[in-house]
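Here is a short briefing for a first look at this structure. Keep the sequence and the 3D view side by side as you read.

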Amino acid sequence: MSPRRRSELYRLGVGLVALTTFGGTLGRLPAGGADWWLIASLSAAGLLALEFPLHISLSVKVSVASAVFFAAVLLLPPWQAAALVGALQALDICVAAFRKVRATRERPPVRAVAINVLFNGGQAYLSALVAGLLLGSAGVSARTGLAGPGDAFTLIAAAAVMYATNISLVSLAVAIATSRSPLPLFLNTQRLVYAQFASLYLLGTVAAFASAPLPWLPLLAIVPAALVYHSLRQRVEMRRDAMRAMERMADEVDRRDPYTFNHSQRVAIYTHAIARKLRFSGGDIELLELAAKVHDIGKIRVPDTILLKPASLTPGERRVMETHPRLGYDILRPFSEYSKVLDLVLTHHERYDGRGYPNGTVGRRLLLIAQVIPVADSLDAMTTARAYRGAKAWSSAMDELRRGAGTQWNPQVVEAALSVLSQEQAAGTPVLNAAPALG
C-alpha cells in the first residue's frame, strides 16, 4: 500500500472516529439549555480568526483561532465545545477548497476534499473534546472560576493536552504521507512556534474568564490574538530570510569559480538521494540537505588567489584551503537555524580513515549522518572540471568511490551512492533513482 493511500485511510479513520463520537453525544444539553449568544459570539470570533492562517511549512499552518478554540473549551460543556471547534475547522477547509476552485477553475477530487474536511474537523473535535473532558472531570471552567492552584494546574494541563493532541494527529498524518518519523517532524515544526502557541492559549484563557458575564467579549479577543499572530509571522519570515541569505551566500561562493557553479545545489541533490537509500528519517534528510547547501560557505573567506588558482596548490596554500570547514562553522554558528548542521559542515572533509581535515577525525567514529556529504561532495568534485584538470567520466567516478570505500569514505554510504547514482545523462548529470528533485 502506498504512503498516500495509508495517509488517506488514517485521516478517514480519524474523521470517522470523531463523527461516531459526535453522534453518540447528540442531545446532551445542559439543564439550562444552550447559550446561543455565547456560541454565536465564539463562532464569529473563530471564523474571523481562521481567515488569517500562517503557513509554517508546506503541510502545517497555524492561526489565531487557537485562542478562540481554547476559550470555547473553557466556556462550553465538553460536547458542545468540541462540536463547535470541529464544525468551524471543517467549515474553514470547505471555504478554502471553494476559493481554490474559484482561483484555479479546476475542481478538486471530491474524495480528497471530503477526507480533508473529515480529518481536519475530526482532529479539531477530538483535541477539544479531550481537553474539555479533562476540565470537566476536575470541575474547572471559566464560569465557575479557579478555586486554587490545583485548578490552575488542571487548566494548564488541559491546554497542553489540547495542543499536543491536535499537533500529534496532524504530524502523524504528514509522517504517514511522506514516510517520515512523526516525532522528529513534530519537534522540528513546533520548536519554532511553541512560545506563540502558549501565548494564544493564554489569550484564550483570559478571554474565556472575561467572557463568562459578557458573551460578546470573545470578539474582542481577536485584537490581542492578532498581535501574537503578527509576532509569529515576523519570526517565521525572519527565519526564512536568514536561511535564504545564507544559501545565497553559499551560491555566491560557487559563482566565484565558474568551474564549481551550482556545486552546492548538486551536492544537496546527491545527499538527498543517498540519505533516502540509507532510510534516514525525513528530519535527518532535511538537515543533510540544509547542510549540503551551505557546506562550502567558509570558502567566502578564502582568498581568490588560492580558491581560483589554475594549478595545484602549494602545501601552504592547501593549509589555508583546509580551513574552510572551520570558517563555515564559525560563519553559521551565530544563527540558531543552523545549530543542528554545524557539525555536518565542520566534518564534510573528514575521512573514514582519519586522514581528512580540519581535525583529522576518524570518520568511522562519526555518526553515519556526518559521513554522507563527504561522499556527495567528492562525487561532484570528481565529475566537474577544474581550471587545472578535466572532469572524470561518471563511470570513472563510480570506480573511484569503490576504491576509496573503507579508507576515504564509509563503505555503507558508498554502497548507497552507487545504488542510487549509478546512471548518467548525456549532459553528465546523474539520474537519481531513489529521490525526487529538490523543490
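Asn410 caps the N-terminal end of helix α18. One of its side-chain oxygens lies 2.7 Å from the backbone nitrogen of Gln412. Bear in mind that this is a predicted model.

**Helices α17 and α18**
- Helix α18 spans residues 411-420.
- Its buried residues are Val413, Val414, Ala416, Ala417, Leu418 and Val420.
- Helix α17 covers residues 394-404, and its buried residues are Trp394, Ala397, Met398, Leu401 and Gly404.
- Viewed down the axis of α17, these buried residues fall within an arc of 130 degrees, so they line one face of the helix.
- Just after α17 comes Gly406, with a positive phi of about 95 degrees.

**Nonpolar cores**
- The largest nonpolar core holds 49 residues.
- Leu42, Phe70, Val73, Leu76 and Met162 have the most contacts inside this core.
- Seven elements need checking here: α1, α2, α3 (65-75), α4 (78-104), α5 (110-138), α6 (149-178) and α8 (194-211) each give two or more residues to the core.
- The biggest share comes from α3, with 10 residues.
- A second, separate core has 44 residues, among them Leu342, Val414, Ala416 and Ala417.
- Val414, Ala416 and Ala417 are also among the buried residues of α18.

**Backbone features in loops**
- Most residues other than glycine have a negative phi, and most peptide bonds are trans.
- Arg279 has a positive phi of about 60 degrees, although it is not a glycine.
- This arginine, Arg279, sits in the loop between α10 (263-277) and α11 (282-294).
- Arg279 is exposed, because its relative accessible area of 76% is over the 50% cut-off.
- The peptide bond from Tyr357 to Pro358 is cis, with omega near 15 degrees.
- Pro358 is placed in the loop between α15 (342-346) and α16 (373-382).

**A nonpolar patch on the surface**
- Leu16, Leu19, Phe22 and Leu26 make a nonpolar surface patch of about 370 Å².
- Leu26 belongs to the loop between α1 (3-25) and α2 (36-50).
- Is Leu26 buried or exposed? Leu26 counts as exposed, because its relative accessibility is 57% and the cut-off is over 50%.

Definitions and conventions: Residues numbered from 1 in each chain as written. Predicted model: local features only at pLDDT ≥ 70, side-chain atom pairs only at ≥ 80, totals over all residues. Heavy atoms only, no water. Patch = residues over 30% accessible without salt bridge, like charges linked within 9 Å, V, L, I, M, F, W, Y side chains within 5 Å. Areas by Shrake-Rupley, 256 points an atom, 1.4 Å probe, with all protein chains shown as cover. Salt bridge = Lys/Arg side-chain N within 4 Å of Asp/Glu carboxyl O. Helix = DSSP H or I, 4+ residues; strand = E, 2+ residues; numbered from the N terminus. Buried < 20%, exposed > 50% of the residue type's maximum accessible area, 1.4 Å probe, protein only. Arc of directions from axis to C-beta. Polar contact = N/O pair within 3.5 Å; in protein donor to acceptor, adjacent residues only side chain to side chain. Core = buried A, V, L, I, M, F, W, Y, C linked by side-chain atoms within 4.5 Å.
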